[in-house]
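Q: Hi! Could you walk me through this structure while I have it open?
A: Happy to, let's bring it up.
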Amino acid sequence: MLTAMGHGLQQWLRALRVSAAGRRRLLLLLPWLVLLLGLAVTGWLWQAARQDAQRTLAAEFEFAADKVVDAIERQLDGNVQVLRGVVGLFAASEWVTRQEFRAYVTALRLDERYPGILGVGFSLLVPPDRKAAHTAAIRSEGFPEYAIRPDGEREVHTSIIYLEPFSGRNLRAFGYDMFSEPVRHAAMARARDENRASLSAKVTLVQETKTGVQPGFLIYVPVYRRGVAHETVEQRRASLQGWAYSPLRMHDLMHGVLGAVGLAGLLAGLHVEIHDGALIAPDALMFDSDHEHRPADAAAFRTLRPIEYGGHRWSLLVTSRAAFDARLNTEELKLIAVAGSVGSVLLAALIGVLAWGQVRVAAALRATALSNEKLAASEGRLKAFFDNAASLVWIKDLQGRFLVVNRLAEAVLGLPRERLLGHTVAEIFPQHEAADYTSNDRQVLEAGHSLEFEESALLADGLRTYLSVKFPLRDASGRIDALGAICTDISDRKEAEERLRASLEEKTVLLKEVHHRVKNNLQIITSLLNLQLNRTQVLEAQDTLRDTQSRIRSMALLHEALYRSGSLARIGLPHYVESLCAPLWHAAGSVAAGVRLQQRIDDISLALDQAVPCGLIINELVSNALKHAFPGGRSGHVVVSATMLPKGLLSLSVTDDGVGLPPGRDPRSSDTLGLQLVFMLAAQLQGVVDIGCEHGTEFRIAFPSRAG
């Protein structure tokens with residue numbers, strides 16, 4: 001049967017009128033073509049099946065992430081409803097007793113329904129003039145050691161007077177003034193002023209002991225005095241009675257949430273992290289489902305979801321584990337890969353056996369005739385190779401005498417072959433050229449392997465440069481008995497390289513001149529604005545002109561730095577920021593006399609299209625800080641920072657410890673040109689703006705960077 005198939009292959013090739021050599025090549029290539037075709041079909045089927053599996057897993061992954069976000073928000077909604085029940089309890093009576101509060105919380109069954117919550121409490125607002133009376137009243141309830149903690153006088157005091165269950169860890173919180181701690185203060189003030197539930201940033205709860213400490217947070221709902229209006233911010237502050245609140249431990253909360261939504265099994269294939277704020281950073285980590293998890297970059301699936309709740313943001317990072325990614329390799333994929341590969345190999349092997357048999361038969365029949373033809377044609381091919389080569393080809397004996405030269409060598413040297421064979425280079429070329437050629441020949445013979453040289457020769461058409469590849473020739477015993485060379489004329493290439501080098505130098509000089517002229521033109525514009533500034537008496541117009549001068553100066557400094565740097569495409573950020581900030585501080589004059597301007601810039605270089613927006617952002621934020629953060633000669637600090645974050649993000653921040661933003665003012669809705677420009681430039685950088693107002697003002701922009 002195999003013989004019949006082999007004859008069938010030969011007849012098919014003859015029917016195509018293919019030559020004997022062509023039939024042999026086709027027969028040898030046929031098994032490989034069959035193998036490649038089979039593997040290609042297998043690969044296509046495997047890839048299609050894998051894409052289906054990937055789409056299915058991606059949908060499952062996104063559904064799981066959505067489910068986690070929804071479960072967290074629903075759990076937080078439940079906790080807020082518990083606190084709103086406390087608000088209703090206080091609204092229903094003139095005062096809620098400790099026993100009534102305990103009965104309400106006990107009925108909630110916190111351990112069963114609200115994982116992670118340590119309790120439900122009430123923090124009372126205590127004016128300074130009522131502190132002593134308040135302390136005496138609580139002590140009279142059977143708590144002789146009661147006192148508001150921490151001790152000291154403040155504009156306003158608060159105290160946790162109710163916290164159920166009132167046992168264990170919760171006893172540590174009794175009497176604690178949460179309003180005295182900045183993080184809790186910010187969330188409590190937001191709840192009071194906005195009359196809504198407020199989520200605090202990451203804190204360590206006072207209930208924590210020395211072991212098993214977990215990240216925590218608190219939820220606050222304001223409680224206003226019964227029957228008193230609280231429609232405006234002023235009314236709310238005046239009518240505030242206290243806060244209903246819940247302290248929560250993040251790990252306990254998340255384990256309960258994930259178990260409640262039926263994700264406990266799915267989490268074997270997913271990794272969940274929750275970070276406080278908008279950035280993914282180690283110090284902001286609040287929950288990690290697996291501390292031993294592989295890096296996020298190694299996961300096949302990854303999603304980052306923001307959770308905005310109670311005026312605060314969490315960032316939920318969900319990545320797939322190796323077990324989840326492994327589901328891409330289904331049994332169907334394995335079956336396709338194994339069956340297709342094995343089938344392709346077997347079919348190719350069968351075709352190969354048939355083809356090889358036919359090739360051997362044909363080769364045996366042609367062997368004698370081909371050997372004679374090869375011997376007869378060998379000398380002719382060798383001569384044709386030498387004479388038709390586009391390079392000079394020659395062979396010398398060990399004494400340096402030419403044994404063989406090709407036709408091009410005769411034409412280039414202008415000598416007949418008879419004048420070259422048997423002669424040395426010293427008899428043909430000038431002395432200095434012959435000495436160089438002989439030295440190069442000697443190096444090859446001593447090294448015992450081929451070497452390359454650039455050699456020059458003064459010929460009839462001028463000075464020519466050749467790339468000479470010289471190599472030793474050996475006899476049957478391996479001993480060197482001659483020297484060969486192939487010399488290629490590279491004169492035109494050398495001239496082209498020289499022209500290209502000169503052209504590049506010319507373009508570099510031109511580009512530097514462009515940067516120089518742009519800088520000069522920007523400086524002229526600055527001078528024109530200065531003339532206009534001196535001629536106008538309108539203060540608002542003067543401020544606008546000065547701001548415009550400052551922005552133009554930031555761009556002029558950038559072009560000045562590029563003109564003086566070795567690179568015309570990137571700029572070093574530390575020197576640029578220093579050059580940018582110093583004039584701003586001097587321009588502020590006496591307003592900034594007590595202000596220290598500091599830079600904390602990593603060694604980063606930015607491309608021009610990112611450096612310009614960064615410079616303008618720094619100009620606007622530093623100018624605003626010097627103008628508005630330190631009124632009345634107040635002293636302080638303005639810090640400009642730039643540092644690289646994981647995953648290729650660059651964090652740029654301007655921070656001051658001044659008076660901060662006015663209460664209730666949202667910079668994102670500001671109508672000032674400077675802040676609008678900051679948010680517009682941040683969007684141009686594809687960045688995220690994060691604003692902090694706890695101790696002064698902080699603007700932080702994180703954006704994907706091409707920093708060097």
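A: Before we start on the strands: two strands count as paired if DSSP finds at least two bridges between them. Also, this is a predicted model.
Q: Good to know. How many bridges link β6 and β7, and in which sense do they pair?
A: There are three bridges, and the pairing of β6 with strand β7 (residues 285-288) is antiparallel. One of the contacts puts H275 across from its bridge partner L285 in β7.
Q: And which way does β9 run against β6?
A: Strand β9 (residues 312-320) is antiparallel to β6, joined by seven bridges. There, D276 sits opposite W314.
Q: Is β6 itself buried or exposed?
A: Mostly covered: seven of the seven residues in β6 (residues 270-276) are buried. L270, V272, I274 and D276 point one way, H271, E273 and H275 point the other way, and all are buried.
Q: Why two directions?
A: Because side chains in a regular strand alternate between the two faces of the sheet.
Q: Switching topic: which residues touch the most other members of the largest nonpolar core?
A: I72, F101, V120, F217, M250 and W314, out of 57 residues in that core. The largest share of this core, 14 residues, comes from α2. Another core of 42 residues lies apart from it, including V577 and L675.
Q: Which residues make the nonpolar surface patch?
A: L37, V41, W44 and L45 make a patch of about 440 Å². V41 is in helix α2 (residues 20-91).
Q: Why is V41 called partly exposed?
A: Because its relative accessibility is 44%, and partly exposed runs between the under 20% of buried and the over 50% of exposed.

Definitions and conventions: Residues numbered from 1 in each chain as written. Predicted model: local features only at pLDDT ≥ 70, side-chain atom pairs only at ≥ 80, totals over all residues. Heavy atoms only, no water. Patch = residues over 30% accessible without salt bridge, like charges linked within 9 Å, V, L, I, M, F, W, Y side chains within 5 Å. Areas by Shrake-Rupley, 256 points an atom, 1.4 Å probe, with all protein chains shown as cover. Salt bridge = Lys/Arg side-chain N within 4 Å of Asp/Glu carboxyl O. Helix = DSSP H or I, 4+ residues; strand = E, 2+ residues; numbered from the N terminus. Buried < 20%, exposed > 50% of the residue type's maximum accessible area, 1.4 Å probe, protein only. Core = buried A, V, L, I, M, F, W, Y, C linked by side-chain atoms within 4.5 Å.
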